Amino acid sequence: MNWDDMRVFLAVAREESLSGAGRVLKNDPATVGRRVQRLEEALGVTLFAKSPQGYALTAEGERLLARAEQAEQSIALALEETQGQAGQLSGTVRIGAPDGCANYLLPQVCAAICDAHPGLEVQIVALPRVFNLTKREADMAIAVSPPSTGTRLTVQKITDYHLHLAAADSYLRRSPPIASLADLKAHRLIGYIPDMIFDKELDYLSEIGAERADFASNSVSVQFNWIRQGTGVGIVHDFAIPAAPGLRKVLADALSLTRSFYLIRHGDDRKVERLNRFSQALCDGLRAEVARLEALT
């Protein structure tokens, strides 16, 4: 058995389909299928239960998965030891993050880390959903609440951050005054599409008793641009406000929300010093950047 067979097995186990594994491996699904069949024949066991819904691991497949991931980590450690240069980080790190963090914090934080480590390549996947680290969609993920499942995951709180109602000066000048939360009924509200809120911590409008948003999107960036362009009033991350001159907090004394960012990693990655060091630099950078930007508001 060779490591390349294990790579194919891991890809199918994580993607739960030949087509998904083919995309990861940059190979066609038929070839992936033949490789799986060859591996099963060599081992004399059935690793996957095939159905129209995809490829699910059998009991034998689950046992092999644990060993294959251990081998994967051992190879990563060996490469780290042989390729490391005088404390420099190198290779690719993929981070999954909600788009508020991905748009207004991660670019500058990761750029600073890469400036200090020229051999490092960082990929930021900005999606408004929870990432599946078990399937290796990312090396690590930033979330707004700790996961309730996943015993093989490690969770580290990064920092608190704050949010307030905000509106553009152009909107406030042409709209009725806002002296209390009750006055918001006369204003256009901007927020999330209710059935696309993937984490209860993002249900901001319920904090002001609003049943719906007049302008809604699953993307924080779309909401932010609506507010910045004078479309209406919405809840904004304090760390995003400096990016939009002319944006002003509204009812800051009446409503202030506090949320937290958490770093989530696969438990096995604790053995990989490169990822440990990157995680530490990432957390330190995010804490400093949130503090710096919030001080400007």
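The legends below describe close-up views of a predicted model.

**Figure 1. Overall view of the predicted protein chain.** The fold comprises 9 helices and 11 strands. Of the 297 residues in the protein, 45% are buried. Contacts between residues at least 6 apart in sequence join residues at least 24 apart in 75% of cases. The accessible surface amounts to about 14,800 Å², and carbon and sulfur atoms account for 50% of this area.

Figure 2. The largest nonpolar core contains 61 residues, and Leu106, Ile142 and Leu282 have the most contacts inside it. When residues up to four places away in sequence are not counted, Leu106 touches Ile95, Ala97, Cys101, Ala111, Ile124, Ile142, Leu282 and Leu286. A second, separate core is made of 19 residues, including Phe9, Ala13, Ala21 and Phe48.

**Figure 3. Helix H2 and the elements against which it packs.** Helix H2 spans residues 18-25, and its buried residues are Leu18, Gly20, Ala21, Gly22 and Leu25. These buried residues pack against helix H1 (3-15), helix H3 (29-43) and strand S2 (54-57). Just after the helix, Lys26 adopts a positive phi of about 60°.

Figure 4. Leu18 lies in helix H2. Its relative accessible area is 18%, so Leu18 is classed as buried, the limit being under 20%. Apart from neighbours within four places in sequence, Leu18 is in contact with Val12, Pro29, Val32, Gly33 and Tyr55. The C-alpha atoms of Leu18 and Ala30 are 7.6 Å apart, and the two residues are separated by 12 residues in sequence.

Figure 5. In strand S9 (residues 233-237), 5 of the 5 residues are buried. Side chains in a regular strand alternate between the two faces of the sheet. Both faces of S9 are covered, with Val233, Ile235 and His237 buried on one side and Gly234 and Val236 buried on the other. S9 pairs with S6 in the antiparallel sense over 4 bridges, and His164 stands opposite Val236 in S9. Strand S7 (residues 189-191) runs parallel to S9 and is joined to S9 by 2 bridges. Here Leu189 stands opposite Val233 in S9.

**Figure 6. Ser145 in the loop between strands S5 and S6.** Ser145 lies in the loop that links strand S5 (140-143) and S6. With a relative accessibility of 17%, Ser145 counts as buried because the cut-off is under 20%. Its side chain makes a polar contact of 2.4 Å with the side chain of Asp199.

Figure 7. Leu153 lies in strand S6, which covers residues 153-168. The relative accessibility of Leu153 is 22%, and this residue therefore counts as partly exposed, a class that lies between 20% and 50%. The C-alpha atoms of Leu153 and Ile264 are separated by 6.6 Å, although the two residues are 111 residues apart along the chain.

Note on methods
Residues are numbered from 1 along each chain as its sequence is written. This is a predicted model: local features need pLDDT of at least 70, side-chain atom pairs count only at pLDDT 80 or more; totals for chains, interfaces and linings use all residues. Side-chain values use heavy atoms; hydrogens and water are left out. Buried means under 20% relative accessible area, exposed over 50%, partly exposed in between (1.4 Å probe, protein chains only). Contact means heavy atoms within 4.5 Å. A nonpolar core is a set of buried Ala, Val, Leu, Ile, Met, Phe, Trp, Tyr and Cys residues joined through side-chain atoms within 4.5 Å. Accessible areas come from the Shrake-Rupley method with a 1.4 Å probe; for residues, only the protein chains shown count as cover. A polar contact is a pair of N or O atoms within 3.5 Å; within protein, one must be able to donate a hydrogen and the other to accept it, and residues adjacent in sequence count only if both atoms are side-chain atoms. Two strands pair if DSSP finds at least two bridges between them.
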